[in-house]
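Here are a few friendly notes to read alongside the model.

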Amino acid sequence: MRFLLMLVMLTACAAAPQDLSGKMFIFPQQTSTTKVRLTASREGFGAATVCHRSFTDLKRGHALFSLATPSSANDFLIFWDETNKEMEPHIKNTKTEYKGLDYKSNMWHSICTTWDSESGLVQLWFDGQPSIKKFASSGSNFSGSTIIILGQEQDSHGGGFDVKQSFIGMMSDVHMWDYTLSPCEIQKYVDELNFTPGNVLNWSALEFQITGRVLIEDKQKTCY
Ligand SMILES: *[C@@H]1O[C@H](CO)[C@@H](O)[C@H](O)[C@H]1NC(C)=O
Ligand SMILES: *[C@@H]1O[C@H](CO)[C@@H](O)[C@H](O)[C@H]1NC(C)=O
Ligand SMILES: [Ca+2]
């Protein structure tokens, strides 16, 4: 009974969406447990766009966005591989590799990734520059319960974290759509103009649960 009550309270807490406009998550220390779990407002779709802004000085590999389903831990993963100096979108456990990006430390980077199951093609938009499209996986939608995590990389559904793949730094403006955004919409996101917020993850109405030391602060604005 007490357990049930607690469960209800936890669910109630997690269910209230927050408007994080102008704010960011700060991941201030290296652990294998600190994370933010995001609640997707829909499941079972066959296309996706994920956009986020991040700021770090890490000199090792790290996960920027980790979405797992019961059938694949890397159902939609954005990972920076420091050894090979490449950004790696993984779709349905299939890795694609993008080299030659100017992924500098200590500055904000906008990264958008699109994929659709019909063509199976992935495209990465790094600071507003489109990459070539690469084949990842076609013919199947996301299926089963979705677990989306910031701050850690899932090797299993909701777990299997490796401290050496954790994220330290700031993260903001995380959106996910269940369709591929047009180049113009992506440009608007990158330029911080009016764009259509994500219908799966909406930074302006975000449902999330923090574990460990993750802080929410205003994003610094430039002074005039
Ligand atoms: C896959 O997702 C698309 C929408 O993205 C939907 O129209 C279609 O019915 C889904 N297919 C299956 C098998 O669930
Ligand atoms: C995103 O959240 C904002 C603020 O609550 C809301 O106005 C908007 O309709 C939402 N957009 C979508 C696509 O859910
Ligand atoms: Ca891993």
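1. A word on the annotation before anything else: UniProt positions are given in the numbering used here, feature names are shortened, and annotations may be inferred rather than shown by experiment. With that in mind, an unreviewed UniProt entry places "domain: Pentraxin (PTX)" at residues 21-223. Please also keep in mind that this is a predicted model.

2. On the overall fold, the protein contains 16 strands and 2 helices. Its C-alpha trace spans about 55 × 50 × 35 Å along the principal axes. The radius of gyration is 17 Å, which agrees with the value near 17 Å for a compact globule because the chain has 224 residues. Of the contacts with a separation of 6 or more, 69% join residues 24 or more positions apart.

3. Buried residues are 35% of the 224. The largest nonpolar core has 45 residues, and those touching the most other members are L38, V50, L64, F65, C112 and L150. Strand β4 (residues 62-68) supplies the largest share of this core, 5 residues. Leaving aside residues up to four places away in sequence, L64 touches H52, S54, I78, W80, I111 and F167.

4. Now the two ligand sites. Around ligand 1 you will find G44, F45, G46, A47, N141 and D178, a shell of 2 nonpolar, 3 polar and 1 charged residues.

5. Ligand 2 has D19, P197, N199, N202, S204 and A205 around it. By class, this shell holds 2 nonpolar, 3 polar and 1 charged residues.

Conventions
Residues are numbered from 1 along each chain as its sequence is written. Chains are lettered from A and ligands numbered from 1 in the order in which they are written. This is a predicted model: local features need pLDDT of at least 70, side-chain atom pairs count only at pLDDT 80 or more; totals for chains, interfaces and linings use all residues. A residue is near a molecule or strand if its C-beta atom, placed from the backbone, lies within 6 Å of it. Ala, Val, Leu, Ile, Met, Phe, Trp, Tyr, Cys and Pro count as nonpolar, Asp, Glu, Lys and Arg as charged, and the others, Gly among them, as polar. A nonpolar core is a set of buried Ala, Val, Leu, Ile, Met, Phe, Trp, Tyr and Cys residues joined through C-beta atoms within 7 Å. A residue is buried if 20 or more other C-beta atoms lie within 10 Å of its own, exposed if 12 or fewer, and partly exposed in between; C-beta atoms are placed from the backbone. Helices (H or I, at least four residues) and strands (E, at least two) are DSSP runs, numbered from the N terminus. Two residues are in contact if their C-beta atoms, placed from the backbone, lie within 7 Å. The radius of gyration is taken over C-alpha atoms; the globule rule is 2.2 Å times the number of residues to the power 0.38.
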